[in-house]
Amino acid sequence: MRNASLLLVLASAVASTCAQPPPGYYDPAIGLSGPALKTALFNIISPHTVHDYSELWDDFTTTDERDDNSSQVWDIYSDDPVDAEPYLFAFGTDQCSGNSPTDEGFCYNREHSMPQDWFDGAVPMESDLFHIYPTDAWVNQKRGNLPYGEVGNADFTSENGTRTGISNFPGYSGDVCEPNEGYKGDLARTYFYMLTRYMNQVDQWSSPMLAAGDLTIWAENLLVQWNAADPVSPKEVERNNDIFALQDNRNPYIDHPEWVGSIWGPFAGVPDAVNGGIICWYADGSLYGPSTLINEPCTILDAAGRVATQFLFTGPALVIGPLPPGVYVARIAESAVRFVR
């Protein structure tokens, strides 16, 4: 019996806090995968209400305020998701006013997570809130136009662990910026948004992470892994809702992180359940299927294509045990089914 791929999306308890798009918002995308899904999402989230770049200072007060103090900035380059923050910025008071920073904690500015030089500072990318964050100006300056990546030996490390240095990720050996572990998934989903929202323009952009209108192979592998390893957080959910109120569009990969695997990575293009009929499904730690699958070999792969576990399907309800939150594919039988727990 030939193999096919059954996509499993396992969400953590934190990630189960879902954003709330309007009813029917994603209807044109349901059941699609691959390029068709990407195009449908482009049509859903484009165009958006464009804000002037100068308006972002005020926008940040609703999109990036800290939960514990709404007058303080949630800065992904200084925030520590585990321990106490080394310092905090106050909206307005600590906003950069033209003076160059001399060290961390000096002031915060507007960080284009996808640097402006990559798209020549053109609008509407210049002011699209989904990829612009308030960040420590000193760390922002150290990052400059570097692509995101993973660092071997760091030449700079911020107080929350954001680092710059030579990449040690397979496929790229240039200088990169590696963010704090708690924000890698946020930034990966930011990039997937940008590649979808501006899919008709990306082929004109220039970056070590981009080629032929999409991600380079190394960047795709990196961001797919980051998306799987760092699930959607309540912060992202709130920010998605706040930006929707301002721009009238959403980041679909925060609402549906499983769609990353539908468009990028080793399992891109695996169709949804509505296309082929469900013959297998996953729930509460068990893989379910009809008796016709009993004694079929099954391999579960993670989002990077690595083998997570292998077993003989002895169904119809086989406990496969806990897996870390992320996107998985079970290679079994002749059907491809996509679903979310």
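Buried residues are those under 20% relative accessible area, exposed residues are over 50%, and partly exposed residues lie in between (1.4 Å probe, protein chains only). Ala 212 is exposed on this scale, with a relative accessible area of 84%.

The structure is a predicted model, in which local features need pLDDT of at least 70 and side-chain atom pairs count only at pLDDT 80 or more, while totals for chains, interfaces and linings use all residues. Residues are numbered from 1 along each chain as its sequence is written, and side-chain values use heavy atoms, with hydrogens and water left out.

**Overall make-up**

Nine helices and 15 strands are found in the protein chain; these are DSSP runs numbered from the N terminus, helices being H or I with at least four residues and strands E with at least two. Of the 341 residues in the chain, 56% are buried. Among contacts (heavy atoms within 4.5 Å) with a separation of 6 or more, 69% are between residues 24 or more positions apart.

**Nonpolar cores**

A nonpolar core is a set of buried Ala, Val, Leu, Ile, Met, Phe, Trp, Tyr and Cys residues joined through side-chain atoms within 4.5 Å. In soluble globular proteins, nonpolar side chains tend to be buried together. The largest core here has 60 residues, and the members that touch the most others are Leu 41, Phe 192, Trp 205, Leu 223 and Trp 264. At least two residues of this core come from each of helix 1 (34-45), helix 2 (56-63), strand 3 (132-136), helix 3 (137-143), helix 4 (184-197), helix 5 (217-229) and helix 8 (258-263). Helix 4 supplies the largest share, seven residues.

Leaving aside residues up to four places away in sequence, Phe 192 touches Leu 215, Leu 223, Val 224, Asn 227, Tyr 253, Val 260 and Trp 264. A second, separate core has five residues, including Cys 298, Ile 300, Phe 311 and Leu 323.

**Cavities**

Rolling a probe the size of a water molecule over the atoms shows where empty space is left. A cavity is a set of points, on a 1 Å grid over the protein atoms alone, where a 1.4 Å probe fits but cannot get out; lining residues have an atom within 4 Å of a point. Grid points are joined across faces, edges and corners, and a volume is the space filled by probe spheres set on the points. Three cavities of 30 Å³ or more are present.

The largest cavity has a volume of about 90 Å³. Its lining consists of Phe 130, Tyr 133, Asp 186, Thr 190, Lys 235, Glu 236, Arg 239, Asn 240, Ile 243, Asn 251 and Ile 254. For residue classes, Ala, Val, Leu, Ile, Met, Phe, Trp, Tyr, Cys and Pro count as nonpolar, Asp, Glu, Lys and Arg as charged, and the others, Gly among them, as polar. The lining of the largest cavity then has four nonpolar, three polar and four charged residues.

The second largest cavity holds about 60 Å³ of space. Thr 62, Thr 63, Asp 64, Glu 65, Trp 74, Lys 235, Glu 238, Arg 239 and Asp 242 line this cavity. Helix 2 and helix 6 are the elements that give two or more residues to the lining of the second largest cavity, and helix 6 has the largest share, four residues. By class, this lining divides into one nonpolar, two polar and six charged residues.

**Thr 164**

Thr 164 belongs to strand 5 (residues 163-167) and is buried, with a relative accessible area of 6%. The side chain of Thr 164 makes a polar contact with the side chain of Asp 155 at 2.6 Å. A polar contact is a pair of N or O atoms within 3.5 Å; within protein, one must be able to donate a hydrogen and the other to accept it, and residues adjacent in sequence count only if both atoms are side-chain atoms.

**Backbone exceptions**

Most residues other than glycine have a negative phi, and most peptide bonds are trans. The table lists exceptions.

| Site | Feature | Value |
|---|---|---|
| Ser 46 and Pro 47 | cis peptide bond | omega about -15° |
| Val 123 to Pro 124 | cis peptide bond | omega near 5° |
| Ala 212 | positive phi | phi about 55° |
| Asp 248 | positive phi | phi about 65° |

Pro 47 is in the loop between helix 1 and helix 2, and Pro 124 is in the loop between strand 2 (108-112) and strand 3. Ala 212 sits in the loop between strand 7 (210-211) and strand 8 (214-215). Asp 248 is in the loop between helix 6 and helix 7 (252-255) and is partly exposed, with a relative accessible area of 47%.

How values were computed: On a 1 Å grid over the protein atoms alone, a cavity is a set of points where a 1.4 Å probe fits but cannot get out, and a pocket is an open set with protein on both sides within 12 Å along at least five of seven lines; lining residues have an atom within 4 Å of a point.
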